[in-house]
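Please examine the structure below together with the account that follows.

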Amino acid sequence: MSLSTNQKTNGGALATLVLVFFFWGFIAASNSIFIPFCKSFFNLTQFESQLIGTAFYGAYFIGSLLLYVLSEARGSDLLNKLGYKKGIIVGLCISIAGALMMIPAVSDENLQPIEQKTALIQGLHPNQKIITADKAVTIKKDSTGYSLIIRKGEAGDTYLTNSVILANISSAFQPTAANGDKVAATFPDEKVPVIVAALKGEQVAFGNFSFILIALFVIALGFSLQQTCAQPFAILLGDPATGAQRLNLGGSVNSFGTTVGPIIVSFFLFGTINADVDNTSVSSIKTLYMIVAGVFALVAVIFAVSKLPSGKNEEAFERAPKASRSLLLLTGFIILVIILGYVTAVPKLVLLLAVMAIVVGILFYSNSLAMKNSEGWGAMKYPQLIYGMLGIFVYVGVEVTIDNNFGALLKTPGYLTESGLSESAISKYISLYWGSLMVGRWTGAISVFNLSGIKKTIATIIVPFVAFAIILYVNHLSGSDVNDLYGYAICVAVIIAAFFFCQDKPVKTLLTVSTLAMAAMLIGIFSKGIVSVYAFIAGGLCCSVIWASVFALAVAGLGKYTSQGSAFLIMMILGGAIIPPFQGVLGDMPAIGMHYSYVVAAGSFAFLAFLALKFRGVLKAQGLDFDKQIESGH
């Protein structure tokens with residue numbers, strides 16, 4: 001089976017489609033504000049605040065599984081019946097419902113007197129705090145006791161002269177900022193009831209964090225359906241052999257949304273680019289999610305009135321009961337492991353290893369059974385899909401784990417600085433990591449514009465440096481000193497050379513960037529200082545085009561099973577919920593530490609390079625050699 005390389009890309013339809021890619025990135029950026037808000041507002045531990053991410057990744061898995069199970073029950077592919085266009089609209093409507101659910105979950109109408117929160121304050125963990133509804137008073141727990149922080153002004157000044165407070169604090173009130181608008185004093189644990197009683201009249205807001213997680217889960221369910229439709233839709237809008245290039249274009253637009261989103265959202269909510277969670281009011285969060293709902297509604301309307309093709313596949317649906325049993329067995333085992341984690345003392349490392357072994361084992365076992373008898377396996381009878389599912393699981397996991405554990409590494413004394421970086425100094429490095437994905441995706445999307453010869457060469461050199469300059473400027477606007485980031489231009493030059501070497505060939509691209517990323521991780525592990533920082537951040541440059549390459553190769557030749565296969569692939573975003581905590585557990589072990597825990601990332605990229613070789617073999621056996629087709633089309 002071979003595919004023609006003469007099919008032209010539907011440019012107008014593609015331009016409309018990439019709107020959803022942009023808003024996935026733009027809306028997701030609000031989580032950088034929402035997570036610290038929830039941590040303070042609900043007095044959560046760091047682990048508990050990260051359940052926001054778990055809700056998102058869990059929704060992708062459950063959403064894709066539900067889509068598949070419902071299609072099986074009906075005996076017809078729901079996406080083929082709806083079409084990709086309508087599927088995206090339905091997904092947007094689900095996300096609108098989730099955004100609206102968020103509003104009552106953070107309602108500022110739920111207020112309680114602070115004296116009723118004495119037990120809650122006594123149960124705070126270090127670095128947790130409780131803030132009064134009018135922002136006048138903050139009580140913060142630290143390793144030695146408590147701090148009472150008063151905001152100067154009409155609401156807070158009365159407490160500065162309160163005789164009970166002055167008699168029970170351990171130190172006098174001292175300014176906490178250069179402008180002196182806040183002052184703080186310390187007091188020991190046993191003084192909590194007395195101090196709280198002296199604050200009688202203050203109120204604190206409360207909400208339902210569980211309900212917030214449900215709302216976020218619903219939003220991400222919509223994302224799951226949107227992505228399941230949009231990814232194969234982008235491939236459908238042109239030559240399948242160049243589908244990875246269109247996915248790179250969508251990814252580049254998504255990365256641009258992620259880059260500008262935090263700035264725009266922060267400026268809108270706080271009136272400044274540097275957001276301060278202590279100044280975040282509940283009404284601001286409500287406003288944010290009202291805007292989220294409005295944006296989703298606007299995009300849904302644009303899709304409804306656009307002249308996009310329906311994206312339907314008219315071929316007959318074929319049930320896949322064996323694939324259903326395999327996926328339900330996979331889900332059941334994961335649920336069983338989670339239950340064991342709650343009711344037993346089995347170490348987290350063992351549980352996470354068990355989940356990863358279950359995913360890899362069941363998928364490979366399913367593939368081996370399908371190779372013997374393909375009947376009843378649906379899309380899973382194609383080995384390229386099995387490799388793609390494993391590839392997406394590992395790719396999402398490694399992309400997220402590099403970032404999620406990077407902050408802890410930067411704070412480690414002796415790694416970059418003698419004492420380790422503070423929270424405020426870390427953000428620019430995290431920003432550069434995610435910005436690196438934009439650099440790579442912008443470069444990978446150049447081929448979509450059909451440039452040739454010297455024009456394409458110039459664009460391939462200039463575009464990544466333009467993207468890099470935008471990242472530096474964004475960080476400069478936020479007040480960060482970017483002087484030590486200029487040297488990262490060397491890493492940008494290396495990825496440009498890699499793009500020239502790969503020539504837009506998906507297998508060659510996957511193999512090359514995975515190998516480069518593995519080498520970068522090893523350099524980062526066995527070095528320190530800015531060289532190690534650059535090496536780990538460069539993982540983002542390599543990750544930038546892996547999703548598109550894996551997805552395009554995984555659905556190649558699936559025909560009527562394309563939407564089913566897409567749902568299976570989106571399901572494997574689950575890797576983002578498994579691999580990062582696995583590295584975190586290793587990082588907590590004194591014998592390994594956070595620095596050497598990045599062996600997880602190195603191993604993940606090695607596995608992706610292995611998958612590239614497997615893709616090439618199975619696709620050639622089916623007459624699908626995208627690399628050769630693209631080469632002959634140049």
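The charged end of Lys 508 is placed over the ring of Phe 501, at 4.1 Å from the ring centre. A charge is taken to sit over a ring if NZ of Lys or CZ of Arg is within 6 Å of the ring centre and within 35 degrees of the ring normal. The model is predicted, and local features need pLDDT of at least 70, side-chain atom pairs count only at pLDDT 80 or more, while totals for chains, interfaces and linings use all residues. Residues are numbered from 1 along each chain as its sequence is written, and side-chain values use heavy atoms, with hydrogens and water left out.

The overall architecture comes next. The protein has 634 residues, of which 55% count as buried. Buried denotes under 20% relative accessible area, exposed over 50%, and partly exposed the range in between, for a 1.4 Å probe and protein chains only. The protein exposes about 25,600 Å², and carbon and sulfur atoms supply 64% of that area; accessible areas come from the Shrake-Rupley method with a 1.4 Å probe, and for residues only the protein chains shown count as cover. Among contacts (heavy atoms within 4.5 Å) between residues at least 6 apart in sequence, 78% join residues at least 24 apart.

In soluble globular proteins, nonpolar side chains tend to be buried together. Here the largest nonpolar core has 174 residues, and those with the most contacts inside it are Leu 17, Phe 406, Tyr 488 and Met 572. Helix α11 (residues 209–236) contributes the largest share of this core, 14 residues. Apart from it lies another core, of 23 residues, including Ile 130, Ile 139, Tyr 146 and Phe 187. A nonpolar core is a set of buried Ala, Val, Leu, Ile, Met, Phe, Trp, Tyr and Cys residues joined through side-chain atoms within 4.5 Å. For Tyr 488, when neighbours within four places in sequence are left aside, the contacts are Leu 432, Ser 436, Phe 468, Tyr 534, Ile 537, Ala 538 and Leu 541.

Aromatic pairs form a further topic. A pair of aromatic rings is described by the distance of the centres and the angle of the planes. Rings of Phe, Tyr and Trp (its six-membered ring) pair if their centres lie within 6.5 Å; planes under 30 degrees apart count as stacked, over 60 as edge-to-face and the rest as tilted. The structure holds 15 aromatic pairs. Trp 547 and Phe 551 form a stacked pair, with 5.8 Å centre to centre and 25° between the planes. Because these two residues, Trp 547 and Phe 551, are 4 residues apart in helix α23 (residues 546–554), about one helical turn separates them. Trp 547 is buried at 12% relative accessibility, and Phe 551 is buried at 0%. Elsewhere, ring pairs link Phe 364, Tyr 387 and Phe 615 into a cluster.

What does a search of the whole structure find in the way of disulfides? It finds 0 disulfides, where a disulfide is a pair of cysteine sulfur atoms within 2.5 Å. The cysteine sulfur closest to that of Cys 502 belongs to Cys 542 and lies 9.8 Å away, so the distance is too far for a bond. For Cys 543 the closest cysteine sulfur is likewise in Cys 542, at 7.2 Å, again too far for a bond. Cys 502 is buried at 1% relative accessibility, and Cys 543 is buried at 0%.

Several individual positions complete the account. Ser 326, in helix α14 (residues 321–343), is buried with a relative accessible area of 7%. Leaving aside neighbours within four places in sequence, Ser 326 is in contact with Ile 362, Ser 366, Trp 377 and Met 380. Pro 347 lies in the loop between α14 and α15 (348–372) and is partly exposed at 48%.

Met 518, in helix α21 (residues 506–525), is partly exposed at 27%. Not counting residues up to four places away in sequence, Met 518 touches Ala 602, Phe 605 and Ala 606. Ala 606 is found in helix α27 (residues 599–621) and is partly exposed at 29%. Ala 606 and Met 518 are 88 residues apart in sequence and 6.0 Å apart in space, C-alpha to C-alpha.
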